[in-house]
Amino acid sequence: MSPRAGRTGHPARTLAFVESPVQLLNVLEWAHLHGLRDPDPGPAGGAGAGADPLPPVGLLPPAGPLPSVPAQVRRTPAGGTAAADGGSPAGGASAGGGVSPTGGAPSADGGSPPGGASPTGGTPPVGGDLTVVVLSPTDPMTRGQLRRMADLARDEGYRVRWEEARGGPTAPFATIGGLAGLLRRADRVVMGDPFSRYVQLLLTITRARDLVVVDDGTATMEFVAQLARGERLVRWHRKGGRPGPRDLLFAPVSSSARRRLTPSARRRVEVFSSMPVHEIPEGVTVTANDFSWTRARFGPPRITKGADMVGTSLVETGVVDGDSYLEAVRTLAKAHGTTRYFAHRRESTEKLHRLATETGLEIVRPDLPLELIARRGPIGRTILSFPSTVVHTLPLALAGTGVRVAVCDIDPTWLTENASPRAQGFLSGVTGTARDVHRLASVSLA
């Protein structure tokens with residue numbers, strides 16, 4: 001698909017909707033691959049000549065407090081590099097164990113530091129023909145990472161519009177009303193989560209001829225398969241259960257979104273993914289994400305002798321039993337000499353406190369997606385993971401560094417009684433289709 005689908009002589013108006021830092025990272029990767037830049041920028045980063053001006057970018061909201069975390073839990077900074085042993089580098093340490101990107105402490109929820117300085121320094125390029133709309137979630141860790149990624153997007157020259165989309169009962173109406181005009185004028189809509197009810201509702205408004213789904217991890221695999229089979233769009237860990245009242249109420253919108261995401265003579269659909277895609281719907285263009293922007297922008301990392309572990313939110317989503325997960329982490333860490341545990345942004349503070357107390361691991365809550373954290377370093381020579389997106393993305397982001405990614409299967413006995421009937425098969429498929437990873441047998445908890 002051509003990266004420019006606008007009227008002749010005009011750059012395409014592209015709107016990207018993201019709800020997580022990983023989605024925003026992959027929007028930047030997609031834009032980098034397609035070379036999105038405004039060929040005729042207006043003053044102060046405005047729209048190019050002939051293009052309709054966009055409304056002013058929304059200001060980032062005030063920072064909110066993070067939930068309390070134990071002393072063993074630390075946060076990595078969004079800029080600078082921590083020392084090779086995981087300690088603070090010379091030149092003044094922040095509370096997160098590294099130098100603050102601007103010499104000042106970041107705000108409590110990982111927001112932009114005072115003065116609006118970017119975490120990477122330098123003068124950002126003039127705005128491109130892409131506007132990123134952040135449909136902000138309420139989770140403080142996700143908001144913090146999104147703020148950092150929003151800074152990086154601005155550094156790359158893209159407009160960022162922050163929407164408090166979940167800021168109260170009337171917030172969805174205000175958000176959708178404020179975006180309706182932009183959606184109707186957009187030539188292309190990029191989305192990170194086609195399962196999102198918010199995104200599905202916004203799709204009913206747009207007239208864009210080009211729709212792009214960028215990677216949202218393992219959910220992308222399921223989305224493409226469901227689209228190919230003509231099934232309703234349901235997240236993999238919920239599939240197999242009976243639809244609830246809200247599902248039934250929203251069913252017409254979900255069906256409309258699925259129809260719009262089906263290619264036709266009037267609409268082109270692209271999937272941009274680093275995940276293996278086997279059931280490709282007729283007419284859908286699949287473009288490989290090789291993390292070329294990440295590799296060009298960061299690293300190569302310093303590599304330590306030990307092993308690091310990547311956390312997962314399978315306990316929080318009700319798929320894996322918490323006690324079994326803790327014991328598996330303890331067993332793996334002991335067997336491989338692991339000292340650091342990189343927490344998933346959705347892992348609960350209570351679970352992380354228990355992990356730190358009962359395993360002795362240093363719990364790290366990254367301020368950026370793990371692909372960027374690992375690429376900046378320092379990072380262990382071996383990275384241990386359970387089945388998740390990172391077993392596909394980290395080998396790409398760390399290509400040529402010598403870092404080994406090892407994945408441990410989920411034993412069926414770890415699954416909760418409420419887990420979807422498809423959970424074990426889906427997780428095994430995530431592991432089995434990963435390239436350039438070392439497979440570990442599931443841990444015996446006997």
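How many aromatic pairs does a search of the whole structure find?

Tutor: The model is a predicted one, and a search of the whole structure finds 4 aromatic pairs in it.

One of them is formed by W293 and F298, whose ring centres lie 5.9 Å apart. The planes of W293 and F298 stand at 85 degrees to each other, and the pair is edge-to-face. Buried means a relative accessible area under 20%; W293, with a value of 4%, is therefore buried. F298 has a relative accessibility of 7%, so F298 counts as buried as well.

A second pair to examine joins Y325 and F386. Their ring centres are 5.2 Å apart and their planes meet at 50 degrees, so this pair is tilted. Y325 belongs to helix 8, which spans residues 322-336, while F386 is found in the loop between strand 12 (379-385) and helix 11 (390-397); the pair therefore ties together parts that are 61 residues apart in sequence. Y325 and F386 are both buried.

The charged end of R297 is placed over the ring of F298, at 5.8 Å from the ring centre. Elsewhere, R147 lies over the face of W162, and the distance to the ring centre is 5.3 Å.

R340 is located in strand 10, which covers residues 338-342. With 8% relative accessibility, which is under the 20% limit, R340 counts as buried. The side chains of R340 and D308 are joined by a polar contact of 2.8 Å. The side chain of R340 also reaches the backbone oxygen of P378, at 3.1 Å.

Strand 10 leads on to helix 9, since the buried residues of helix 9 pack against helix 8, strand 10 and strand 11 (362-365). Helix 9 comprises residues 349-359, and its buried residues include T349, K351, L352, L355 and A356. They cover an arc of only 165 degrees around the axis, and therefore lie on the same side of helix 9. After helix 9 comes G360, which has a positive phi near 80 degrees.

S313 is situated in the loop between strand 9 (303-310) and helix 8. Its relative accessible area is 9%, so S313 is buried. Leaving aside residues up to four places away in sequence, S313 touches H344, R346 and E347.

These details may now be set within the chain as a whole. The chain contains 12 helices and 14 strands. It has 446 residues, of which 54% count as buried. Among contacts between residues at least 6 apart in sequence, 73% join residues at least 24 apart. The accessible surface of the chain comes to about 18200 Å², and carbon and sulfur atoms account for 54% of that surface.

How values were computed:
Residues numbered from 1 in each chain as written. Predicted model: local features only at pLDDT ≥ 70, side-chain atom pairs only at ≥ 80, totals over all residues. Heavy atoms only, no water. Phe/Tyr/Trp six-rings, centres within 6.5 Å; stacked < 30°, edge-to-face > 60°. Buried < 20%, exposed > 50% of the residue type's maximum accessible area, 1.4 Å probe, protein only. Helix = DSSP H or I, 4+ residues; strand = E, 2+ residues; numbered from the N terminus. Lys NZ or Arg CZ within 6 Å of the ring centre and 35° of its normal. Polar contact = N/O pair within 3.5 Å; in protein donor to acceptor, adjacent residues only side chain to side chain. Contact = heavy atoms within 4.5 Å. Areas by Shrake-Rupley, 256 points an atom, 1.4 Å probe, with all protein chains shown as cover. Arc of directions from axis to C-beta.
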